[in-house]
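Here are my notes on this two-chain model, as you asked. Please read them with the structure open.

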Amino acid sequence: MADLDQFRKDTRAWLEANCPPEMRKPMTKEEDTFWGGRNATFSSEPQRIWFERMRDKGWTVPHWPKEYGGGGLDGEEAKILRQEMAAISARLPLVSFGISMLGPALLKYGTDAQKREHLPKITAGSIRWCQGYSEPNAGSDLASLQTRAEVNGDDFIINGQKIWTSYANFADWIFCLVRTDSTAKKHDGISFILFDMTSPGVSTKPILLISGKSPFCETFFDNVRVPQSHVLGQVNRGWDVAKYLLQHERAMISGMGERGVGRPLGQVAADSIGTDDHGHLDDPVLRGQIATFEIDEAALACAAERAVDLAKAGQAHPAFSSAMKYYGTELNKRRYEILMSAGGSDALEWESERSKDGARARAWLRTKANSIEGGTSEVMLGIVAKRILDLPGA
Amino acid sequence: MALVLNEEQSMLRDSARGLIGTKAPVSHLRQLRDSKDPTGFSRELWGTFAEMGFSGLLVPEEFGGTGLGCVEAGIIMEEIGRTLMPSPFLSTAVLATLALSRGGTAAQKSEYLTGIAKGGLIAALAVDEGAKHRPLQTAMQATRSGNGFKLSGAKGFVIDGHVADLLIVAARTSGSPGEAGGLTLFLVNPKSKGIAVERTAMVDAHNAARIVFDDVDVTADGVLGEVDQGGVLLEGILNVGRGVVASELLGASEEVFGRTVTYLKERKQFGKLIGEFQALQHRAAHLYCEIELTRATVLKALQLLDENFEAAGPAVAVAKAKAGTTGTLAVQEAVQMHGGMGMTDQFDIGFFMKRARVCQELFGDSNFHADQLARLRKY
């Protein structure tokens with residue numbers, strides 16, 4: 001306990017000395033997030049300083065082993081670091097699918113050589129990853145994917161198409177599900193493979209969304225040659241890796257709402273709507289909606305905290321991340337419906353100085369994908385029903 | 001502190017579950033209801049509660065109790081919620097015990113707390129006057145008379161009021177309804193002249209009473225805490241009450257949900273188990289999420305009440321609001337998914353629906369606590 005108290009004190013002091021003031025404000029624009037990568041640029045000098053200091057400390061991924069550039073922190077220490085960062089509203093220095101999705105799978109399924117090759121580049125932010133899962137005819141029914149990899153000497157030759165590949169156009173490497181045995185049952189013929197996006201035959205095309213932005217791409221593979229040694233886990237057992245990774249992805253998406261928080265919703269609403277003589281929002285119905293929302297939001301935060309503690313106590317249900325993913329994304333959609341309602345016509349501005357180029361409206365539209373990406377709400381509920389509640393299959 | 005039960009707490013839960021599940025299943029409540037039992041709970045069982053140390057759970061050890069905390073009280077309440085066992089645990093072992101141990105003088109503590117720990121003394125908290133929980137709207141007057149006071153007014157929804165040996169009464173010694181200042185808590189003997197107690201049989205077959213006070217004399221010894229300063233004491237007591245009632249709602253929600261999921265796996269329609277239907281699967285899965293979130297909020301609130309009593313208000317508001325909404329959903333879904341059977345008196349599900357409705361109202365419904373949260377956050 002005394003050690004942890006000391007760790008908290010040291011952490012607080014270090015953050016105080018090293019986190020630039022500009023990095024202690026809620027993120028409002030896309031450029032506020034630093035994703036790393038070969039061609040990464042910093043949007044500001046403080047962003048660069050903050051990232052480099054955290055990287056040097058091993059705190060871009062505090063809970064990974066030091067040998068891979070992580071911080072080597074245990075669960076309690078990592079929690080303290082999160083709390084202390086939250087206390088000063090410190091931004092995450094690096095956001096990446098390498099950290100939140102691929103990394104855990106690499107740590108569990110990777111060979112020593114694969115870990116040494118990839119993990120340090122993730123913690124250092126020098127390689128940016130994207131995820132090649134969905135295909136035009138394999139969305140919720142992911143295991144019906146058709147992109148195929150055929151053996152050719154020591155290599156695979158990959159052909160096919162992926163869709164909804166987030167930021168594929170900025171990514172350096174892809175982790176990808178491919179069919180390596182088309183005669184096996186659909187879950188049993190899939191492999192999980194890693195390759196460089198600059199390999200000949202890889203091309204991407206952005207998909208414009210209703211938000212007017214384009215985080216997603218279509219990704220095409222035309223005779224892409226990849227060494228067989230780039231398979232993570234066993235050939236044809238990629239579904240195990242994919243499922244493991246999805247748990248992390250779902251945990252990440254369920255946390256998105258939480259991280260997006262700037263000021264409390266009630267305060268944001270009071271700014272635009274105004275308050276009556278009692279200091280109550282001048283829209284009693286919206287006030288009630290906000291208060292009810294904030295109760296659910298606080299409840300989700302408690303559940304997230306408990307999920308970590310349950311995992312530590314060895315009592316976590318492996319499918320619980322599906323419950324969190326479902327609840328967190330539905331809640332985030334509610335948050336933005338309320339924000340739009342609170343903002344009124346101001347929130348509807350799409351191209352104007354004052355609206356920061358329609359930031360709120362675009363974010364609102366973006367949230368609608370939360371309950372689709374990474375498994376739809378309906379898929380999540382199905383998983384909870386079957387795996388946690390043990391309800392019979394149809 | 002980790003948001004999971006530790007080993008001692010898990011053991012307490014297991015022993016409470018064993019006792020309550022065996023001695024007081026829902027049929028116990030049904031029997032008390034059907035026989036129109038004048039006490040409304042089993043004194044014998046309450047004696048067993050005392051032997052197990054449950055009635056004195058929150059009583060400090062020096063007065064014969066076990067000196068445990070709110071998390072432990074919540075554990076007992078959750079088990080009570082699973083079988084709807086009627087008992088004076090909330091009124092006496094939680095509310096009155098807390099009022100006395102936090103606000104009482106040495107003399108008041110030794111006079112009453114030992115009796116509570118032994119299971120011999122039943123006490124009730126009288127706060128609400130209108131149909132909805134509005135503690136600040138307390139209008140009941142306590143006017144100075146000699147070196148004591150005279151109480152006049154009326155209270156309702158007084159849990160266990162008709163069997164109480166001691167009443168803890170919130171009254172106004174100054175100020176007007178709506179103001180936080182000017183409230184005082186009094187210890188009143190229900191046998192005192194001028195008190196009229198009417199048992200109000202409630203929809204859930206649990207105990208409550210309306211009590212009218214007509215110029216009731218209370219001596220200076222009967223003041224609990226300080227005159228005019230009772231508001232903070234009362235709010236603290238109520239917060240613990242809210243936290244443990246949220247536990248009871250959680251227990252009831254879990255039990256009724258468990259019964260529903262079991263039914264989904266047994267009942268066939270259209271040649272299939274109804275649990276195979278996606279419409280029902282998704283509703284069950286959603287309810288599971290709500291219950292899991294509720295469990296986390298309740299444990300958080302109870303832990304905070306033990307760790308940092310004064311700062312627990314917002315967490316308690318969240319827990320009670322969430323538990324009220326989840327409990328309401330759980331019982332509604334249970335009746336709907338059980339179909340016509342759920343509507344019959346012969347089936348237990350209706351008992352849970354009735355109790356959840358009462359627990360929702362008790363010490364503020366979900367709307368009350370959402371409003372509290374909005375006020376705390378200043379919008």
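The points below cover conventions, the interface, salt bridges and the cores.

1. Conventions. This is a predicted model: local features need pLDDT of at least 70, side-chain atom pairs count only at pLDDT 80 or more, and totals for chains, interfaces and linings use all residues. Residues are numbered from 1 along each chain as its sequence is written, chains are lettered from A and ligands numbered from 1 in the order written, and side-chain values use heavy atoms, with hydrogens and water left out.

2. Interface extent. Chain B touches chain A through 38 residues, which meet 39 residues of chain A (contact: heavy atoms within 4.5 Å). The two chains bury about 3400 Å², 67% of it on carbon and sulfur atoms. Buried area is the accessible area (1.4 Å probe) that two parts lose on being put together, summed over both. B:Y288, B:L293 and B:Y379 supply 22% of what chain B buries against chain A, more than any other three residues.

3. Polar links across the interface. There are 18 residue pairs in polar contact between chain B and chain A, both at pLDDT 80 or more. A polar contact is a pair of N or O atoms within 3.5 Å; within protein, one must be able to donate a hydrogen and the other to accept it, and residues adjacent in sequence count only if both atoms are side-chain atoms. The rule also finds four salt bridges across this interface (a side-chain nitrogen of Lys or Arg within 4 Å of a carboxyl oxygen of Asp or Glu).

4. A buried pair. A:D296 and B:K322 form a salt bridge at 2.5 Å, N to O. Both residues are buried (under 20% relative accessible area; exposed is over 50%, partly exposed in between; 1.4 Å probe, protein chains only).

5. B:D371. This residue meets A:R287 in a salt bridge at 2.7 Å, N to O. B:D371 also bridges to B:R375, with closest N and O atoms 2.7 Å apart. B:D371 is partly exposed at 21% relative accessibility, and B:R375 is partly exposed at 47%.

6. Network. The structure holds 54 salt bridges over all chains. One network links B:R30, B:R33, B:D34, B:E255, B:R259, B:D345 and B:D348. Within it, B:D34 and B:R33 have their closest N and O atoms 3.0 Å apart.

7. Cores. Which residues touch the most other members of the largest nonpolar core? Of its 143 residues, they are B:F49, B:I76, B:F89 and B:Y288. A nonpolar core is a set of buried Ala, Val, Leu, Ile, Met, Phe, Trp, Tyr and Cys residues joined through side-chain atoms within 4.5 Å. Another core, of 35 residues, lies apart and includes A:F34 and A:Y167.
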